[in-house]
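Here is a short briefing for someone meeting this structure for the first time. Please look over the sequence and the model, then read the points below.

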Amino acid sequence: DDGIAVYINGVDKLRQNLSSTATFNRFANGNIGDEAGWKDFTLPRSELVPGLIGYWPFDSASQIEGGRIVDLVAGIEGEVLGDTAATEGHLGGAVDFGKSPGGSWISVDASNGWLTPASDANKLSVSLWQKLHSRVSSSTFWFGATSANNGARNFQAHIPWGGGDIYFDTAGCCGGGDTRINKGSDIDYLEWHHFVFIKDGDHKEIWIDGELFHEGENATPLFDDWTTLGIGSDSTGGSNVAGIVDDFGVWARGITPDEIASIYNGGKGSPLMTEALSAGANTIAVEIHQASGGSSDIRFDMMLHGETSQGGGDNVSDPIFFAEPTILRARSYNTGSKEWSALNEVFYTIDGLSVDATNFVVSELHYHPANPTTPAELAQSSDRDDFEFLEFLNIGRTALDLSGIRFAAGINFAFPNNTVLKAGNRLLLIRNRAAFEARYGPIESIQSFEYTGRFNNDGEQLLITANGPDPVHDFTYNDQLPWPKEADGAGSSLILVNPAEGPSHGKPASWTTSRYLGGSPGKAEPAGITYGAWAASNGIKGKPNDDDDRDGLSNYWEFLFGSRPDLASDAPVFGLTVQSIDVDGVVNDYLFLTFRKNLSANASLTVEVSSDLITWSPDPATIKPVSKADNGDGTATVTFRFADPVGQGQSRNFIRLRGN
């Protein structure tokens with residue numbers, strides 16, 4: 001029984017790492033002086049639940065703040081985007097996606113084959129801890145695949161969506177027998193909870209805090225054309241989490257109830273992977289055998305070299321590498337006096353990276369805000385233009401140095417030197433900070449600057465230039481069709497459609513109006529809910545054209561209006577009234593049209609006019625938007641009026657409301 005074994009904390013580490021029998025025998029025969037006899041090896045980490053294919057504990061603040069996190073199994077890198085930050089977690093460190101959803105997430109390339117074992121076996125498990133700042137409809141994780149429908153969701157979970165339901169989609173969405181299981185939960189999402197999602201062939205399970213919460217059967221297998229894993233969002237950075245995620249693990253198999261119990265550990269939690277050397281005293285035992293009983297010489301030397309992963313106790317940090325423009329603020333610590341130096345600041349930039357339309361866009365423009373109405377707003381300003389703002393978004397893959405970027409036409413503003421906008425982040429230009437914060441609340445976790453001048457309510461050229469000969473953006477917005485009319489004083493802002501694609505800013509089709517009054521400064525425009533998702537969350541049994549509560553409105557119209565599909569008394573009407581108003585100094589009677597609108601609906605409501613019931617048109621010369629008042633319940637009361645006074649011209653017109 002010749003050989004050498006090294007045991008660390010009772011585990012045979014040398015046998016696990018020495019794959020060469022010849023090298024093993026040279027040790028045994030005493031040829032220690034022969035350099036070829038040495039075998040360097042790295043102590044492997046010990047897995048709590050064997051078979052991991054990906055594990056991000058989020059314990060390294062330097063990785064998170066540096067924009068790159070690395071998994072501990074295969075070195076898979078994830079890109080940290082938006083205002084994602086390091087924070088204290090349930091188990092060591094964790095990743096915080098912010099108090100309000102929008103733009104903060106982690107993108108992990110899933111096209112390089114590390115998930116192939118999962119799709120080959122049609123088995124995948126995900127374990128994580130989560131604690132929300134606020135309960136919003138969001139996607140905690142989303143594994144994308146090109147072949148999967150409805151957002152390319154191959155393995156995805158909403159924790160939660162809507163009123164608290166947890167949705168678990170695989171190989172697409174949202175078929176009950178094919179791709180989805182879901183169930184309502186009344187847990188306190190603002191506290192730490194442990195979640196496990198398992199697909200084991202056709203069988204699927206959701207576990208919460210060590211207990212089986214829900215299970216079901218979905219027949220569609222996982223697709224193998226994986227694209228991107230989004231942590232804290234969907235696979236493209238939408239439906240973001242407003243909260244903290246910790247200890248994210250992935251297995252290419254269905255983990256067992258006993259394994260889930262080990263991870264949950266009675267609520268205390270256990271890291272999925274630990275170092276071979278544990279904190280405190282460690283026992284290292286070396287066993288040596290001679291090749292034969294007649295051997296007389298033997299020698300064995302062992303050196304153990306260890307390194308910490310987060311810097312040692314000598315107050316020396318890990319090396320810092322800059323891949324993008326960065327402001328470095330640093331101070332040094334004197335171990336003798338136990339005092340810190342003064343704070344020093346240096347700006348580092350990267351040559352060759354220019355700011356242009358491919359990486360820097362105007363993502364939102366609020367050029368004609370609604371009048372101030374609340375006491376807080378009126379206390380700051382009675383001028384509606386003081387509530388203007390413009391939002392920029394970095395759609396590139398690295399931070400941008402905005403030094404030298406300025407407006408040559410439009411408002412008056414130039415970025416201060418050393419202004420850095422990180423990849424995926426937004427930046428606000430506001431006209432009056434006090435007025436803005438009276439309407440939207442304090443500006444937190446986002447850069448903001450004040451400008452002088454004001455945006456023209458009738459539209460104007462905006463020319464944004466840099467130090468080079470070519471402008472960054474040169475476009476003209478307008479308040480007339482085909483530009484969106486609701487942005488012209490009715491309370492909505494202009495939102496750039498698909499900003500990540502860098503669309504032409506001068507084309508009206510590149511813009512739409514904000515879903516909610518006042519827009520969404522500093523955040524991504526909230527995604528609308530489809531009829532299918534709304535129907536599922538409201539327990540609709542009939543088809544879109546059915547009338548489940550028999551109130552005269554189809555289920556689809558209930559969706560468009562934002563009314564309750566199960567309560568006949570909650571049936572909003574299409575209102576017509578005559579009001580006497582002053583238009584251009586002349587008082588006349590005008591016909592007003594009023595209706596309720598579901599602000600979350602991924603659909604449109606349009607007022608159309610016809611003189612013959614055949615040809616219908618939303619003619620802006622005939623119909624004028626008046627207001628859109630937020631009702632505070634996810635709906636708004638929208639008002640239009642006829643351009644001509646009642647009776648003028650003695651022509652007959654028909655009016656209809658079109659839902660699309």
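The points that follow cover ring pairs, charges over rings, salt bridges and a surface patch.

This is a predicted model, in which local features need pLDDT of at least 70, side-chain atom pairs count only at pLDDT 80 or more, and totals for chains, interfaces and linings use all residues. Residues are numbered from 1 along each chain as its sequence is written, and side-chain values use heavy atoms, with hydrogens and water left out.

**Aromatic pairs**

- A pair of aromatic rings is described by the distance of the centres and the angle of the planes.
- Rings of Phe, Tyr and Trp (its six-membered ring) pair if their centres lie within 6.5 Å; planes under 30 degrees apart are stacked, over 60 edge-to-face, and the rest tilted.
- The count by this rule is 31 aromatic pairs.
- W56 and W114 are edge-to-face, because their ring centres are 5.8 Å apart and their planes stand at 70 degrees.
- W56 belongs to strand 4 (residues 52-56), while W114 is in the loop between strand 9 (105-109) and helix 4 (116-121), so the pair ties together parts 58 residues apart in sequence. Helices (H or I, at least four residues) and strands (E, at least two) are DSSP runs, numbered from the N terminus.
- Both W56 and W114 are buried. Buried means under 20% relative accessible area, exposed means over 50%, and partly exposed lies in between (1.4 Å probe, protein chains only).
- F389 and Y440 also form an edge-to-face pair, with ring centres 5.8 Å apart and planes at 90 degrees.
- This pair links distant parts of the chain, 51 residues apart: F389 is in strand 27 (residues 389-394) and Y440 in helix 8 (residues 433-440).
- F389 is buried at 0% relative accessible area, whereas Y440 is partly exposed at 25%.
- Ring pairs join W56, W114, F141, F143, F155, F168, F197, W226 and F248 into a cluster.

**Charges over rings**

- A charge sits over a ring if NZ of Lys or CZ of Arg is within 6 Å of the ring centre and within 35 degrees of the ring normal.
- K183 lies over the face of F213, 4.9 Å from the ring centre.
- K204 has its charged end over the ring of F168, 4.3 Å from the centre.

**Salt bridges**

- A salt bridge is a side-chain nitrogen of Lys or Arg within 4 Å of a carboxyl oxygen of Asp or Glu. The count is 16 salt bridges.
- D385 and R454 form a salt bridge at 2.9 Å, N to O. D385 is in the loop between helix 7 (375-380) and strand 27, and R454 in the loop between strand 32 (447-450) and strand 33 (461-465), so the pair ties together parts 69 residues apart in sequence.
- D385 is buried at 7% relative accessible area, but R454 is partly exposed at 39%.
- D386 and R431 form a salt bridge at 2.3 Å, N to O.
- D386 is buried at 11%, and R431 is buried at 17%.
- A network of salt bridges links D383, D385, D386, R431 and R454.
- R564 and D566 form a salt bridge, with their closest N and O atoms 3.1 Å apart. R564 is partly exposed at 44%, and D566 is exposed at 52%.

**Surface patch**

- I284, V286, I288, I298, M302 and L304 make a nonpolar surface patch of about 460 Å². Patches are made of residues with over 30% relative accessible area and no salt bridge; like charges are joined within 9 Å, and nonpolar side chains (Val, Leu, Ile, Met, Phe, Trp, Tyr) within 5 Å. Accessible areas come from the Shrake-Rupley method with a 1.4 Å probe; for residues, only the protein chains shown count as cover.
- L304 is in the loop between strand 21 (284-289) and strand 22 (326-330). L304 is partly exposed, at 43% relative accessibility.
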